[in-house]
Amino acid sequence: MLPVAQAETVIFELVQPLGIQDSETVDLVAAGGRILAIAVSSPLDVPHWDNSSMDGYAVRFVDVQFCQPEQPVTLTLVEAIPAGHLPQHPIAPGQASRILTGSMMPTGADTVVIQEQTRSHETGQIVILAAPSERGANVRHRGAFCQAGTALLSARIELQAPELAILAAVGCSKVQVYRRPRVAIFSTGDELVPPGQSLKPGQIVDSNQVALALLVAQSGAEPLMLGIVPDRPEQVSRAIVEAVATADVVLSTGGVSVGDYDYVEQMLASLGATIHVRSVAIKPGKPLTVATFDPEKGGAAEDQNAANASEPRSKLYFGLPGNPVSSLATFWRFVQPALRKLSGLAAGWEPTFVSAQVRQPLRSDGKRETYLWGRLVQGQAGYEFEVAGGSHSSGNLINLSQTNGFAVVPLGVETIAQGMSAQVLQVGQVMRSI
Ligand code: AMP
Ligand code: MG
């Protein structure tokens with residue numbers, strides 16, 4: 001039984017992030033949540049031209065620099081320049097143009113006087129009451145934010161709203177991102193039926209698959225739901241072969257304990273997989289099994305001309321325990337970070353732990369690192385953790401609703417007293433109140 005920290009190291013080291021040969025070009029509108037494969041530099045100066053940052057008047061600083069409310073300066077208006085329109089007239093001494101936020105500066109003008117520092121303007125004239133603070137005030141100069149060629153986005157970051165806005169602003173309508181990792185999911189168990197089917201005695205609904213498919217999608221990967229596989233060695237073996245052939249990562253649930261009908265580990269071994277983790281000192285989730293199917297030596301990898309071809313990759317296999325909470329908890333603790341690392345993210349793929357004050361005492365038998373589910377709440381003085389009421393049995397998913405965190409009782413610790421602080425694995429948005 002591996003300690004959790006050791007299992008985590010083994011698992012995360014098995015993950016080889018996608019490489020450039022695993023990238024594709026997508027439209028900007030489809031790029032949200034994807035991982036950028038190639039760094040992007042600006043093809044343009046930003047702003048593209050000198051423009052006004054305020055509504056006001058474009059002037060020559062020398063014309064207005066000494067004006068004060070008692071000594072106003074009157075200038076002749078030559079035009080109004082709406083945003084998106086080219087100025088038609090240069091500004092000569094004694095002249096000004098009406099200008100709006102984002103409008104292009106006319107030649108000759110170097111400064112904008114905000115409209116609040118001006119007074120009633122009769123037709124053709126504007127009265128300037130106070131000088132702007134300095135030459136160039138309220139003007140955004142071409143290239144002031146970034147010049148063409150400046151690095152904008154580094155590779156291996158997730159594209160979210162700010163990044164999409166930046167790309168759009170500099171005219172990138174397509175972007176090169178890593179493909180989504182494919183994750184095959186199947187459930188094992190003679191007792192399982194799909195949701196919606198009526199239950200015969202002894203049967204239960206396969207609740208794991210639909211939940212894992214959502215978590216896989218939320219991790220930026222593409223779930224492939226392969227259904228339910230009976231507890232028969234040859235069927236389990238066939239399902240593993242099919243899953244490994246179609247996906248980068250396989251998640252199965254059930255059949256990894258030491259029961260008479262638990263065939264997953266045995267079949268993995270007989271198919272030539274390397275088994276790296278057989279069980280972890282975690283509760284829930286002890287029977288977690290992790291294996292790899294490594295590409296055969298030779299073939300494409302040895303082809304001297306295949307430098308750019310997609311090299312065969314190791315396939316990662318997670319045999320998650322069947323109990324509903326065990327499968328989800330081990331997904332959050334180990335699989336989600338592994339998928340995020342695989343997807344190409346350079347940073348921020350690791351699990352997130354925060355410190356929280358526990359509102360109830362937390363208990364464990366001290367023999368395994370224990371994960372108690374509940375709600376992470378933003379309290380007055382920091383995070384607080386409200387442990388879910390009801391049974392914390394790995395088979396009980398009924399009290400899982402609204403779970404956004406798992407408080408951790410470390411190995412060897414039996415109690416964390418009420419009011420003390422605990423590490424909480426964050427798996428959802430923190431709430432302000434519950
Ligand atoms: P196993 O890991 O196969 O020994 O299963 C452990 C427990 O989890 C048993 O009570 C199973 O009936 C239950 N279980 C297994 N797979 C699923 C599943 N896909 N959905 C819900 N419960 C499951
Ligand atoms: Mg089973």
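These legends accompany several close-up views of a predicted protein model.

Residues are numbered from 1 along each chain as its sequence is written, while chains are lettered from A and ligands numbered from 1 in the order in which they are written. Because the model is predicted, local features need pLDDT of at least 70 and side-chain atom pairs count only at pLDDT 80 or more, whereas totals for chains, interfaces and linings use all residues; side-chain values use heavy atoms, with hydrogens and water left out.

**View 1. Four domains along the protein chain.** Domain 1 takes in 4–18 + 179–342, domain 2 covers 23–46 + 144–178, domain 3 spans 51–140 and domain 4 runs over 353–432 (bounds come from an automatic or database domain assignment). Between the C-alpha centres of domain 2 and domain 4 there are 39 Å.

View 2. The chain has a mean pLDDT of 95, with 97% of its residues at 70 or more; pLDDT is the predictor's confidence in each residue, from 0 to 100. Where pLDDT is low, the predicted coordinates should not be read in detail.

**View 3. Helix H4 beside helix H7.** Here H4 (residues 208–218) and H7 (residues 324–342) have axes that come within 11 Å and cross at roughly 20 degrees. Helices (H or I, at least four residues) and strands (E, at least two) are DSSP runs, numbered from the N terminus. Axes are lines fitted to C-alpha atoms, for helices over the stretch in contact, and angles run from 0 to 180 degrees between N-to-C directions. H4 and H7 are therefore roughly parallel to each other (angles under 35 degrees count as roughly parallel, over 145 as roughly antiparallel, 65 to 115 as roughly perpendicular and the rest as oblique). From H4, Asn208, Ala211, Leu212, Leu215 and Val216 make the contact, and H7 brings Pro324, Ser327, Leu328, Phe331, Trp332 and Leu339.

**View 4. Helix H1 packing on H7.** H1 (residues 4–14) meets H7 at an angle of about 25 degrees, the axes being 10 Å apart. This pair, too, is therefore roughly parallel. Val4, Ala7, Glu8, Ile11, Phe12 and Glu13 of H1 touch Arg333, Phe334, Pro337, Ala338 and Lys341 of H7.

**View 5. Two cis peptide bonds and a positive phi.** Most residues other than glycine have a negative phi, and most peptide bonds are trans. Val46 and Pro47 are joined by a cis bond with omega about -10 degrees; Pro47 sits in the loop between strand S2 (40–41) and strand S3 (51–52). Another cis bond links Lys283 to Pro284, with omega about 0 degrees. Asn138, although not a glycine, has a positive phi of about 65 degrees.

How values were computed: Contact = heavy atoms within 4.5 Å.
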